[in-house]
Amino acid sequence: MKRTPLFQSHVSMGAQMLPFAGWEMPIQYSGILAEARAVRFAAGIFDVSHMGRVEITGSDAAQFIHRLVTGDVLKMLTGRARYTIICNEAGGIIDDTIVYRLDGERFLMVPNASNADEVLDWLNHWKDTWASRIELNVITEETALIALQGPLAEEILQPICSVDMSDVRPFRCVQGQVSGVKAIICRTGYTGENGFEIVLPAEGASSIWQSFMDGGAIPCGLGARDVLRLEAGLLLHGSDMDSSVTPLEAGLERYVNWDQGDFIGLPALYESKSNGLSRALVGFRLVERGVPRHGYPIVNGHGPIGNVTSGTYSPTLDMGIGLGYVSLEFSTLGTRISIDIRGRLVEAEVTAIPFYSRKR
Amino acid sequence: MYPTDRRYSRDHEWAKDEDDGTFLIGITDYAQEHLGDIVFLELPRVGATMNQMEKLGEVESVKSVSDLLLPISGEIVEVNQVAVDSPEIVNEDPYDQGWLVRVNPSQADEMDGLMTAADYESFLESLD
C-alpha cells in the first residue's frame, strides 16, 4: 500500500484511513457532513497526492497531447489548465484529466489515481509509435498535491503565497512559492467551490498542510470529496464512466474538439454521433427519502431502464442525488423514474446537472 | 465508558430495561462512530412483532448502509420519531435521545444472553 507525504499528518490527526486505488488515504476526519459543510461555507484541504502527475516536456509535447485528448491543446497558452478526456480508438474513456501548460514545451497531466499506470502506458505507447520528441517524467512520488477549496480558500492562501492570486482566474496556473516552498498553484478543483490545487515538493507538504490549517482550513477526506464533487455534477472515472462509454454518452460532448480535433478516438466519436446515442448519463434527485448508491437499478413502471453510477445524500440540498445511465427516451429533464433501493422503489426525477452551483 | 444499565449484542445494538415492562433498543457508540454521519433510518411500524436477531430495519450513513437486528424478541410498541426525523441525533446521543424503538418483549430472559458493558468492551477489543 502506498502512502502520501502527508500520511503521518493524517494519522496523527486521527483520520480514518482506508485503501483507495492502492493508496492508504484518509476517508474522513471529523465527519463527512461537517467537512463538506466547511468546504461550502469556509474552506477545506484535501490530500490528493494519490492522483497521478506526469510531466510531458519536449518540442513535440503540445502536438503529442493534442493527439491524445479530446480538447484543443495547441491553442492553450502558457499558464492555462484544461479539463479534457483521453479516449481509446473506439471512443471509450480511458481517463479524464487536467492538463496544465507550464511553459511552451512543458505540460503537467494529472490522471486519476486508479488510472495513473494505464495512462502512463498509453502515453509511452504513443510516444514510441509516433517517435515523438518528448520526455515523460512521473513526479507523483517526489511531489504532493493539496487541494484548498471553499469561499475562504483565497484568503487563506494569499498571505503565504508569493503570487498575487487575484490575477489567476479559474483554470489558470502559476509557478511561485507557498510558505517559501516552490509550488505550482492552479485555480482548479473537484468540489464546485472556488479554490486551488497545489503541486509542491513532498518534503514541504506537511508544513504547508499545517499552514493551511493554521489559516482556518478544515482537513477533509475522500468521503467529503465524493459528496462535494457529486453535488457539483462532476463525474468520477471508474464509477460514472469507463472505457465502455464515450464522452457523448457521458454528457461530456462540450469537451470534444470536433473542429480542430485530431485525436485518438475522434473517428469513432463521429460515427457514434451520426448513429445517434442509445443511452445517456442523467442526474436525478430522490423525491422521497433515501440514499441512492452505485449499482442500484433505475426502473420505471415496466422494468429496469438503467443503473445508478454514483449516489449520495446531499447535505447541501438535503436529499438523495445521483447519476446513472438510462435509455435515451428517459433522459429528458423532469422524467419520473424510480430507484430500486434494496427492493424498495423510491421515486426520483431526472434533473439538471450540476445539482449545486455556487453563487458567484 | 459503555453504560452498565443495559445489555449489548455482537451486532452493536443495545437493549435497556425501562422497568415498565418495555425495553428501549438502540445502537452503540462504536456502531455510530463506524457508520459516520447517519442520514436515514428505516424502522418498522408500531405493532410489528419480531424475533430476536430478526432484521429490525436499516441505518444509512453517507458512507454505507447497515442492517439493524433486534436484540430481543417482541412487539414494537413505539418508534423514536425524533431519530427518524433527525437521524444525526443517533450520532450525537446514541444511548439516550438517539434510541430507535421501544419493544414489549416476548422473552425477556433473552437479555441474559446479551453482553454486559464489560463483556462488550472486551468484545470490541477483540475486533481491533
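The legends below describe close-up views of a predicted model.

**View 1. Overall fold of chain A.** Chain A comprises 8 helices and 19 strands (DSSP runs numbered from the N terminus, helices being H or I of at least four residues and strands E of at least two). Its C-alpha atoms occupy a box of roughly 60 × 50 × 40 Å along the principal axes. Of contacts in chain A between residues at least 6 apart in sequence, 67% join residues at least 24 apart (a contact needs C-beta atoms, placed from the backbone, within 7 Å).

**View 2. Domains 1 and 3 of chain A.** The domain assignment, automatic or from a database, gives domain 1 (7-47 + 141-231), domain 2 (54-138) and domain 3 (278-351). The centres of domain 1 and domain 3 of chain A, over C-alpha atoms, are 31 Å apart. Their contact involves 8 residues from domain 1 and 6 residues from domain 3. On the domain 1 side, α2 (32-41) and α7 (222-231) each contribute at least two residues. This side consists of 4 nonpolar, no polar and 4 charged residues (Ala, Val, Leu, Ile, Met, Phe, Trp, Tyr, Cys and Pro are nonpolar; Asp, Glu, Lys and Arg are charged; the others, Gly among them, are polar).

**View 3. The largest nonpolar core.** This core holds 131 residues, of which A:Ile65, A:Ile146 and A:Leu148 touch the most other members (a core is a set of buried Ala, Val, Leu, Ile, Met, Phe, Trp, Tyr and Cys residues joined through C-beta atoms within 7 Å). Strand β6 (residues 93-103) of chain A gives the most to this core, with 6 residues. Buried residues account for 49% of the 360 residues in chain A (20 or more other C-beta atoms within 10 Å of the residue's own).

**View 4. Surroundings of A:Ile146.** Leaving aside residues up to four places away in sequence, A:Ile146 touches A:Ile45, A:Asp47, A:Ile198, A:Ala205, A:Ile208 and A:Trp209.

**View 5. Chain A against chain B.** Here 11 residues of chain A are in contact with 7 residues of chain B. On the chain A side, α2, α7 and β16 (303-314) each supply at least two residues. The residues of this side are 5 nonpolar, 5 polar and 1 charged.

**Notes.** Residues are numbered from 1 along each chain as its sequence is written, with chains lettered from A and ligands numbered from 1 in the order in which they are written. In this predicted model, local features need pLDDT of at least 70 and side-chain atom pairs count only at pLDDT 80 or more, while totals for chains, interfaces and linings use all residues.

Notes: A residue is buried if 20 or more other C-beta atoms lie within 10 Å of its own, exposed if 12 or fewer, and partly exposed in between; C-beta atoms are placed from the backbone. Two residues are in contact if their C-beta atoms, placed from the backbone, lie within 7 Å.
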